[in-house]
Amino acid sequence: MMPAKNKIMILSGIVLIISLSFRKKQDIPLFPAPANFPKPSYNFSANALTNEGIELGKTLFYDAIISSDNTISCGSCHQQSAGFTQHGHALSHGIDDKLTRRNSMPLFNLAWSESFGWDGGVHDLDLFAISPITNPAEMNESMARVLDKLRKSQQYPALFKKAFGSEEINTERFLKALSQFMLTMVSANSKYDKYMRYEGVELNETELAGMAIVKQKCASCHAGELFTDYSFRNNGLTHLPVDDKGRFEVNQNESDSFKFKVPSLRNLGFTAPYMHDGRFKTLEEVLAHYTSTVESTPFLDPVLNQNGKTGIMLSKDEQQKIVSFLRTLDDEDFIKNTRFAENTLTVSIPKKDIDAEVVNFRPVSGKVKAIFNESIDIYLKIKEAIKTQQTGIAAKQSDKLPKVLKKLNSLPLANAEKVFFNTYLEKLSFDCEHIIEGEYSTEHQSEHFIELSKNFYVLIASFKPDYSKLYYHRCENSDLNWLSDKINEVFPKNNCDKIQTKKL
Ligand code: HEC
Ligand code: HEC
């Protein structure tokens, strides 16, 4: 069934030698080229990977110093647990919660790609980072200011020296270090890969049947071991917004209108929602699209328009088999690999001090206190629901929270208080909306709960409501934080060992 397998066995010997040559002192090669993959296209000779370069790139990747208001890092939109996409977001959101035009792309196996972005507008991985940094809806910053901030920082001159031999911080070094880190994000340890490499793992009958259908009906675009041919095509999505013409925006070629990069089929279990605009939440919805909603337009790929039929004919049974196979492409090792995790940085990134955001307003009146106390009760209910994964209750209470707080606007507040209050109300409402929307995903809810907690803390600490038993909990080595009415409360699912508690 797979003649490619024999070739792979021979190739694997060659690849092993190549990967050994990337190997330095340590056991794991810096760039672990998988035996069942083709040759990467990235030019490693122009940017040789080193441990120090990778470490610098990783620090930059997770540091929000790169954005204009120091709140957004590359890692904000590319989260490891989501296959380096942004959890649960159709369109990714950046600075001031502005929405970008597109769904954040997964980051893995980038060494095999020759163009980047949904429209392939950037041809060199080493140049890509400039685009999110300068995009007003992403990081809204200039390269000159980024470099200036890095030069003035405590840790970066030394990190650049370790990586490149001198303390000089320039655009080329900055971009090369980011690439070095991203290139190490190789994902090739799924069940499917282990099966292909004869590592003692078998696919079951359903998965094998699914694989056969994918090879037959999807592989003209989702081709080979990377499950993409990196071409730009239109797969018949309906009602595409006219202000995003995809590939056309890169080459002004009318016939390339509404064409987007064929994405990999790897790690789909972690990267929902799907497509360049994140329109589908599940794989079942994607397959329903290919079966019955492919739209015939002049731009539709001919593969999806054969013998006068649009789309791919798939029975319900075939669709289920495909989904089973696609699940074998999920690489748990990749999303759990501590090499890529923020909390394994050797020089940790200074955390933004939330207390610096707290304003010392005068003690508030009885009516204001009452509204705050009511809102704290609701917040605590949201927290309980998040802890116990009752997503529906978390959503319902999150709907209430901003409504109760809004009542404050009808009470007399000083001008500065009003402006401050409404700024935080807006931030907090944004997170509440996402907790409501995230009803299908505890993970997505938890993430916005962390943000909600920060904003709610700043708000109530500034107004000093009459709630004497509220504590702020923060984990040292993770972003997790929350408010509770118990001292030393430990959040389940969280394994940080040192918890700081602070009385308001
Ligand atoms: C506000 C969210 C956001 C931030 C911040 C962000 N990205 Fe992205 N990233 C995206 C989106 C959305 C896309 C798809 C862009 C497009 O097609 O226009 C993308 C695409 C990419 C790609 C292309 C992947 C491929 O397979 O073609 C790379 C590489 C990348 N980002 C790296 C980075 C790096 C490095 C940073 C930090 C300097 C960063 N991103 C910051 C949202 C973000
Ligand atoms: C004619 C080429 C073509 C064929 C055939 C094709 N696809 Fe796609 N696929 C694409 C393109 C192009 C996209 C991205 C479209 C966009 O976002 O606008 C895509 C996107 C997807 C996505 C979303 C991935 C993500 O990260 O967002 C999935 C899942 C998918 N295809 C599965 C399949 C399956 C399963 C089959 C076979 C039943 C199939 N495709 C057949 C071209 C194709």
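**Close-up views of the two ligand sites**

**View 1. Ligand 1 sits in the second largest pocket.** A pocket is an open set of points on a 1 Å grid over the protein atoms alone, with protein on both sides within 12 Å along at least five of seven lines; a molecule sits in it if more than half of its atoms lie within 2 Å of its grid points. This is a predicted model, in which local features need pLDDT of at least 70, side-chain atom pairs count only at pLDDT 80 or more, and totals for chains, interfaces and linings use all residues. Residues are numbered from 1 along each chain as its sequence is written, ligands are numbered from 1 in the order in which they are written, and side-chain values use heavy atoms, without hydrogens and water.

View 2. The side chain of His78 has an N or O atom 2.9 Å from a nitrogen atom of the ligand. Arg102 places a side-chain N or O atom 3.0 Å from a ligand oxygen atom, and a backbone N or O atom of Trp118 is 2.7 Å from an oxygen atom of ligand 1.

**View 3. His222 (NE2) and Tyr290 (OH) coordinate the iron atom of ligand 2, at 1.9 to 2.1 Å.** Donors are N, O and S atoms within 2.8 Å of the metal (3.2 Å for Na, K and Ca).

Technical notes:
A polar contact is a pair of N or O atoms within 3.5 Å; within protein, one must be able to donate a hydrogen and the other to accept it, and residues adjacent in sequence count only if both atoms are side-chain atoms. On a 1 Å grid over the protein atoms alone, a cavity is a set of points where a 1.4 Å probe fits but cannot get out, and a pocket is an open set with protein on both sides within 12 Å along at least five of seven lines; lining residues have an atom within 4 Å of a point.
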